[in-house]
Amino acid sequence: MKNGFLKNFYQHNGKVMGTALLVIISFWIGVLIILPQLSMLDYSLREYLPSGEVGDYTLKNYRHLIYGAEGASDPYNYVDLKVFMRTIIAAICVTIFNLILCYPIAFFLGQVAKGMKLRVFALLLIIPYWINEILRAFALKIIFGATGMINAVLIGMGILDEPFDFIRADIALYAGLGYAYILLMVFPMYNVIESLDGNQIEAARDLGAPWWRIHARIVIPYAKPGISSGATMVFMLSAGALAAPQILGGPSSLWFTQIIYQWFNDGGNWSQGAAYAIVLLTSCIIIVLAFMKLFKVNMGDIGK
Amino acid sequence: MSAGVGVNLENLWIRFGDFVAVRDANVNINGGDFFSFLGPSGCGKTTILRSVSGFLDPSEGRVLIGGNDMAGIGPNKRPTALIFQNLALFPLMKVWENITFSMEIKGASAKERRKRADELLDMIALPGQGDKLPSELSGGQKQRVAIARALCAEPDVLLLDEPLSALDLKLRQHMRTELREIQKRVGITFIYITHDQGEALTMSDNIAVMKAGIIDQIGDGKTVYNDPSTAFVASFVGENNVFRGKVKEIRGDEALIATNRSGDLVSRISTANQGKMNVGDEAMMFIRPEALSIAETGTSGDHFVTAKVNHEEFEGNSFNIFTEGDGGKEIKVSIPNLGQTFEDHTGQQITLEYETQNAVAVPAGELATE
Ligand SMILES: Nc1ncnc2c1ncn2[C@@H]1O[C@H](COP(=O)(O)OP(=O)(O)OP(=O)(O)O)[C@@H](O)[C@H]1O
Ligand SMILES: [Mg+2]
């Protein structure tokens, strides 16, 4: 099987090109993905020595997340654990919210819009992403701010008497996270839905199916690979987001990545930061795998 | 089964922007009939079918099913089931789930559905194949599953959009017989679309022949084949030899045509055009290859044609002779092979003979392009 794949690969790309591609891919996977993660893992398992020397292997850094600093008054590290849980749950919520928002868009683009309309609509989706992430986050902060557009409109219409603090309520944060990854959700879904034969939708309709049933039985099962790759990306990236929580988060809200950032940057304790980062990464992977199992998605389908 | 729900198209127009896809169609389809729309690619057959199934609204005119105006009734509410040109089986559902999808919508239990699926699988001669996926079936089997899926919805009218076009010739011929049998068994109205005149002739009770959005003629197979009302129908349905000319004389329901190339020839006037053709009109006369035979050389008269033989071929059941003909088109003569000796005429001048009743005259018009 593997041999066959290699042979095929070479036949397809030629000897020189094939070898070049293999080298580049191996470099990318090895040097840019695996090695840094391994060194992170190594850091996380070593004792932190302020002097900068390499410490001995220990599980202390992981212990810290669960039980807190030695000699702390609480039996568990409530502060960090709470932030961790909240980050995961919020990331799941952002993913679900995004899914609900993006499915109709992807369906519209993939099955309903044709020609010019499709191009215009796709462009409208893409153009905002020409602006960089930080600027977009600040724009949202302004829109959601006390004197921002949303408050102005709501007060103007008489729905609110005084400005509502969207930032403190974390609404701005969720909106920002949701908005940041819309494209990553829409495009994999659009890709799959676009390849669905429209006759199948018509056939279901002809056989008496109401619209919701057509989605439940025909479109969604077909779009599952796209939905799962979109959802995986959005979940992973939301859980690991830093800029949006930094800018849009309320004064009280900490995102787990912010704690990690503090360990690395402010605390200079790379071992501790690495341990937290590894926990976040593994938890996210486990959650994604669990959801895939729950919805019977195969790993191989994701790339579709 | 609910037998005999008829379909009527009344002054049906369908436009896409400025383009007229269907022009003033008037068709009455009797309940329980096997009715075909026959016409070349792009003539508007699918468009008509989609207006019957409810996926397209008429620009003008009405579609009636069982006497009821279907305006405003969606495809999921009409008593029709459509078999798509590409079948459109649901790839992720097993065969039995595909077949009973219409029952699933109505909330039937899995047990009921299984039972019905097994009955239908027996009917389409695929017993025990319910647990396969559509991708695991052959072309002909998929075909039959699509038919079963449509029949399971218990429609009053089954609409079939060239369902055999993807199959190879042998299977296509086999499925013709099978479809006709299924139709007789269930007794519902079938509306069948095809560009294959063989399919239309073998299966249908009645045929509508279409050309670029216009229905030229409606009739049973024999009528359409033997008594075409336009030049298009004469040239599209079956092989035909055309002789162009002008009407020289009308003799009751026969006409003498002064042909451009073969002198004066006598012909029957097609029923639809009797009393409508006048002396001096441009006319076309058609004679089938099998209606021509070789006469003694030198004989002449108003049912003899003299022409030079270009080439000949042996087709098994017949010998075919191709002679020079009108407007660059060859005249084809087809002589049944009954074991007789057959001499080579290539390059010779021969005389052909036909009987008046086997020639049919219509007003000059557009011919079907092959
Ligand atoms: N949605 C549409 N918009 C514009 N033009 C259309 C549309 N659907 C069909 N047409 C045009 O209407 C004409 C008839 O199309 P239709 O699909 O009915 O042909 P058909 O007879 O079924 O052909 P075929 O045998 O190739 O399937 C064609 O010229 C086609 O280009
Ligand atoms: Mg068609």
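These legends walk through several close-up views of a predicted two-chain model.

The model is predicted, so local features need pLDDT of at least 70 and side-chain atom pairs count only at pLDDT 80 or more, while totals for chains, interfaces and linings use all residues. Residues are numbered from 1 along each chain as its sequence is written, chains are lettered from A and ligands numbered from 1 in the order in which they are written, and side-chain values use heavy atoms, with hydrogens and water left out.

**View 1. Where chain B meets chain A.** Let's start at the interface, where 24 residues of chain B and 17 residues of chain A take part in the contact (contact means heavy atoms within 4.5 Å). About 1,900 Å² is buried between the two chains, and carbon and sulfur atoms give 58% of that area; buried area is the accessible area (1.4 Å probe) that two parts lose on being put together, summed over both. On the chain B side, Phe55(B), Asn76(B) and Ile105(B) lose the most area to chain A, together 26% of what that side buries.

View 2. Side chains of opposite charge can pair when their charged atoms come close. Here a salt bridge is a side-chain nitrogen of Lys or Arg within 4 Å of a carboxyl oxygen of Asp or Glu. Inside chain B, Lys45(B) pairs with Glu162(B) at 3.8 Å between the closest N and O atoms. That pair links distant parts of the chain, 117 residues apart: Lys45(B) sits in helix α1 (residues 45–53), and Glu162(B) in the loop between β7 (157–161) and α6 (169–186). Helices (H or I, at least four residues) and strands (E, at least two) are DSSP runs, numbered from the N terminus.

**View 3. Two domains in each chain.** Domain bounds come from an automatic or database domain assignment. For chain A this gives domain 1 (1–44) and domain 2 (59–303), with their C-alpha centres 30 Å apart. Five residues of domain 1 of chain A touch nine residues of domain 2 of chain A, and the two bury about 590 Å² between them, 70% of it on carbon and sulfur atoms. Met40(A), Tyr43(A) and Ser44(A) supply 80% of the area that domain 1 buries against domain 2. The salt-bridge count between these two domains is zero. For chain B, the assignment gives domain 1 (7–226) and domain 2 (239–363), whose C-alpha centres lie 39 Å apart.

**View 4. Helices α4(A) and α5(A).** Helix α4 (residues 78–112) and helix α5 (residues 115–126) of chain A cross at roughly 145 degrees, their axes coming within 9 Å. Axes are lines fitted to C-alpha atoms, for helices over the stretch in contact, and angles run from 0 to 180 degrees between N-to-C directions. Ile105(A), Phe108(A) and Leu109(A) in α4(A) meet Leu118(A), Phe121(A), Ala122(A) and Leu125(A) in α5(A). By class, the contact has seven nonpolar, no polar and no charged residues (Ala, Val, Leu, Ile, Met, Phe, Trp, Tyr, Cys and Pro count as nonpolar, Asp, Glu, Lys and Arg as charged, and the others, Gly among them, as polar).

**View 5. Helices α10(A) and α11(A).** Finally, helix α10 (residues 198–206) and helix α11 (residues 211–239) of chain A pack at about 140 degrees, with axes 10 Å apart. Gln200(A), Ile201(A), Ala204(A) and Arg205(A) in α10(A) meet Ile214(A), Ile218(A) and Val219(A) in α11(A). This contact divides into five nonpolar, one polar and one charged residues.
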